[in-house]
Amino acid sequence: MKERKQKFKFPWMYYDNAIEKNIDKNKHSTIKSLFRTAYKDFSITNKHLGTRRREFIEVNATLAFVIREQYRSLSLQSIGNLFGKNHATIIHYIEVYENILCGLAQYRKLHEKLTAMVMLDMYGIDQQISGKSKAWLKSECLRLSGENKELKTAIENIRTYINA
């Protein structure tokens with residue numbers, strides 16, 4: 001806990017050492033980016049570190065849930081070490097997410113965003129296209145290309161009108 005007294009420029013930097021000590025090197029950057037994204041999205045600052053402020057705990061609960069869900073090879077204690085907590089706290093975080101937070105839109109969106117980041121990093125795929133057939137993807141690509149052409153035409157018309 002004494003480590004928490006150090007001042008960091010950004011709050012997510014506090015977790016860098018714990019990530020490097022407890023996580024495989026190939027997962028470092030992804031997990032660091034999960035903390036950075038979650039903390040930025042919810043405006044978590046240095047003053048939140050080590051507190052029991054609701055927003056801080058709820059963001060950490062969502063982070064713990066995503067890390068456990070996406071990195072099944074990590075033990076609860078390893079995940080706990082990231083947060084400076086023990087495995088029982090991580091179990092509690094996961095239960096809090098499953099029972100309360102997943103029903104709140106802001107935390108569902110954060111979960112989806114963090115999961116998509118992990119999927120993209122681990123598998124090189126966007127979660128929205130995983131599991132889709134090639135035929136569907138081709139037709140969707142053609143549809144989006146058509147929309148793109150229509151939008152370009154609309155933009156040109158607007159620019160012409162503005163400059164006239």
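In the predicted model, Ile31 touches Ile19, Ile23, Ile67, Tyr71, Leu74 and Leu82, where residues up to four places away in sequence are not counted and contact means heavy atoms within 4.5 Å. Ile31 is also among the residues that touch the most other members of the largest nonpolar core, a group that comprises Ile31, Phe35, Tyr39, Leu63, Ile67 and Phe83. This core contains 34 residues; a nonpolar core is a set of buried Ala, Val, Leu, Ile, Met, Phe, Trp, Tyr and Cys residues joined through side-chain atoms within 4.5 Å. Two or more residues are given to the core by each of helix H2 (28-41), helix H3 (54-70), helix H4 (76-83), helix H5 (87-99) and helix H6 (105-123). The most is given by H3, with eight residues.

Residues are numbered from 1 along each chain as its sequence is written. As the model is predicted, local features need pLDDT of at least 70 and side-chain atom pairs count only at pLDDT 80 or more, while totals for chains, interfaces and linings use all residues; side-chain values use heavy atoms, with hydrogens and water left out.

The protein has seven helices and zero strands, these elements being DSSP runs numbered from the N terminus (helices: H or I, at least four residues; strands: E, at least two). From the N terminus on, the order of elements is α-α-α-α-α-α-α. Of the 164 residues, 35% count as buried; buried means under 20% relative accessible area, exposed over 50%, and partly exposed in between (1.4 Å probe, protein chains only). Among contacts with a separation of 6 or more, 61% are accounted for by residues 24 or more positions apart.

The structure holds four salt bridges, each defined as a side-chain nitrogen of Lys or Arg within 4 Å of a carboxyl oxygen of Asp or Glu. One of them joins the side chains of Lys113 and Asp41 (2.8 Å, N to O). This pair links distant parts of the chain, with Lys113 in helix H6 and Asp41 in helix H2, 72 residues apart. Lys113 is partly exposed at a relative accessible area of 39%, and Asp41 is partly exposed at 40%.

A salt bridge is also formed by Arg54 and Glu58, whose closest N and O atoms are 2.8 Å apart. Both residues lie in helix H3, four residues apart, about one turn of the helix. Arg54 counts as exposed because its relative accessibility is 61%, whereas Glu58 counts as buried because its value is 11%. The two side chains also make a polar contact (2.8 Å), that is, a pair of N or O atoms within 3.5 Å; within protein, one must be able to donate a hydrogen and the other to accept it, and residues adjacent in sequence count only if both atoms are side-chain atoms. Beyond four places in sequence, Glu58 touches Leu101 and Tyr107.

In helix H7, Arg159 and Glu156 lie three residues apart, about one turn of the helix, and form a salt bridge with closest N and O atoms 3.5 Å apart. Glu156 is partly exposed, at 44% relative accessibility. Ile158 also lies in helix H7 (residues 134-163) and counts as exposed because its relative accessibility is 51%. Together, Ile158, Tyr161 and Ile162 make a nonpolar surface patch of about 400 Å². Patches are made of residues with over 30% relative accessible area and no salt bridge, like charges being joined within 9 Å and nonpolar side chains (Val, Leu, Ile, Met, Phe, Trp, Tyr) within 5 Å.

Note on methods
Accessible areas come from the Shrake-Rupley method with a 1.4 Å probe; for residues, only the protein chains shown count as cover.
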